[in-house]
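Here is a friendly set of notes to read with the structure open beside you. Take the points one at a time and find each residue as you go.

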Amino acid sequence: MTARTIAIGDIHGCSEALRALVTAIDPQPEDTIVTLGDYVDRGPDSRGVIEQMLALEKRCHVVPLLGNHELMLLDALQNPYSVGPWRDCGGDATLASYGGSLLKVPESHLDFIRRCLWYYELPTHFFVHANYQYDLPLDEQPEYLVFWEHLNYNPPRPHENGKIAIVGHTSQKDGEILDLGHVICIDTFCHGGGWLTALEVGSEKVWQADRYGKLRP
């Protein structure tokens, strides 16, 4: 079987959607799954999402990217003044999934978040959470672009490396993938009534599931 590379968009606590996608994809040891960040917040089961990510790492090669919501969670752990703003951005749902306290987040879950990458690169594609500066190397990208800048505020030019960018963060409220040719956004608003999207790089095969775990026909 040919090894596949499959990107999964912003999960946001939608553990049933993630479970349905993984079942449909049936990842093999030679496959690579790149997750684009935002595992936590807003959806009902952030804890279950991280648990699934840890289990998935035992099945295939997983490349977890960091999202801005993980940054907010880590900041809330260090700075009490950041807890309120994080909770206002969906952190309340994460706290509920961990029994109401950040102190109850298992160390293995924090370790997972802390080892997430800023970007991942293939010969033909690269992956970041949110956006990028077209004329800077991937290892020199500014944090505010990689994690915070929405595509509709600053549509990027094709990167100077000539590769196609796969991103999340800019939620597509219609549930459809945004394909601009040189950049493809697969955050399709699962927590808000859309879909969790998985995209196989190369073949462009797509799987989608809603927050209840129902696959899109």
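1. Start with helix α3, which is mostly covered: eight of its 11 residues are buried. Helices here are DSSP runs of H or I with at least four residues, strands are runs of E with at least two, and both are numbered from the N terminus. Buried means under 20% relative accessible area, exposed means over 50%, and partly exposed lies in between (1.4 Å probe, protein chains only). The buried residues of α3 are Asn 68, His 69, Glu 70, Leu 71, Met 72, Leu 73, Leu 74 and Ala 76. Their cover includes α4 (83–97), α5 (107–114) and α6 (143–147).

2. Before going further, a word on where this comes from. The model is predicted, so local features need pLDDT of at least 70 and side-chain atom pairs count only at pLDDT 80 or more, while totals for chains, interfaces and linings use all residues. Residues are numbered from 1 along each chain as its sequence is written, and side-chain values use heavy atoms, with hydrogens and water left out.

3. Now pick out Leu 73, which sits in α3 (residues 68–78). Is Leu 73 buried or exposed? It counts as buried because its relative accessibility is 2%. Setting aside neighbours within four places in sequence, Leu 73 is in contact (heavy atoms within 4.5 Å) with Val 40, Trp 86, Thr 94, Leu 102, Leu 110 and Ile 113.

4. A nonpolar core is a set of buried Ala, Val, Leu, Ile, Met, Phe, Trp, Tyr and Cys residues joined through side-chain atoms within 4.5 Å. The largest one here has 41 residues, and those with the most contacts inside it are Ile 11, Leu 18, Tyr 39, Met 53, Leu 73 and Leu 196. Helix α1 (residues 15–25) supplies the largest share of this core, six residues. Apart from it lies another core, of 13 residues, including Val 63, Ile 166, Ile 186 and Leu 199. As background, nonpolar side chains tend to be buried together in soluble globular proteins.

5. Next, follow the open sheet of five strands, whose order is β3-β2-β1-β9-β10, with mixed pairing. Two strands pair if DSSP finds at least two bridges between them. Which strands are at the edges? They are β3 (61–64) and β10, each of which pairs on one side only. From one strand to the next, the twist averages 20°. Strands β1 (residues 5–8) and β9 (residues 196–200) are antiparallel and share three bridges, with Ile 6 opposite Glu 200 in β9.

6. Helix α1 lies across β1, β9 and β10, running at about 145° to β10. That angle is taken between N-to-C directions on a scale from 0 to 180 degrees, using axes fitted to C-alpha atoms, for helices over the stretch in contact.

7. What does its side chain meet through polar contacts? It reaches the side chain of Thr 197 at 2.7 Å and that of Arg 216 at 2.8 Å. A polar contact is a pair of N or O atoms within 3.5 Å; within protein, one must be able to donate a hydrogen and the other to accept it, and residues adjacent in sequence count only if both atoms are side-chain atoms.

8. Turn to strand β5 (residues 125–128), where His 125 and Phe 127 point one way, Phe 126 and Val 128 the other, and all are buried. A hairpin of three residues links β4 to β5. Strand β4 (residues 119–121) runs antiparallel to β5, with three bridges, while β5 and β6 (residues 164–167) are parallel, also joined by three bridges. Phe 127 stands opposite Ile 166 in β6.

9. Finally, the cysteines. A search of the whole structure finds zero disulfides, a disulfide being a pair of cysteine sulfur atoms within 2.5 Å. For Cys 60, the nearest cysteine sulfur is that of Cys 116, 15 Å away. Cys 60 counts as buried because its relative accessible area is 8%.
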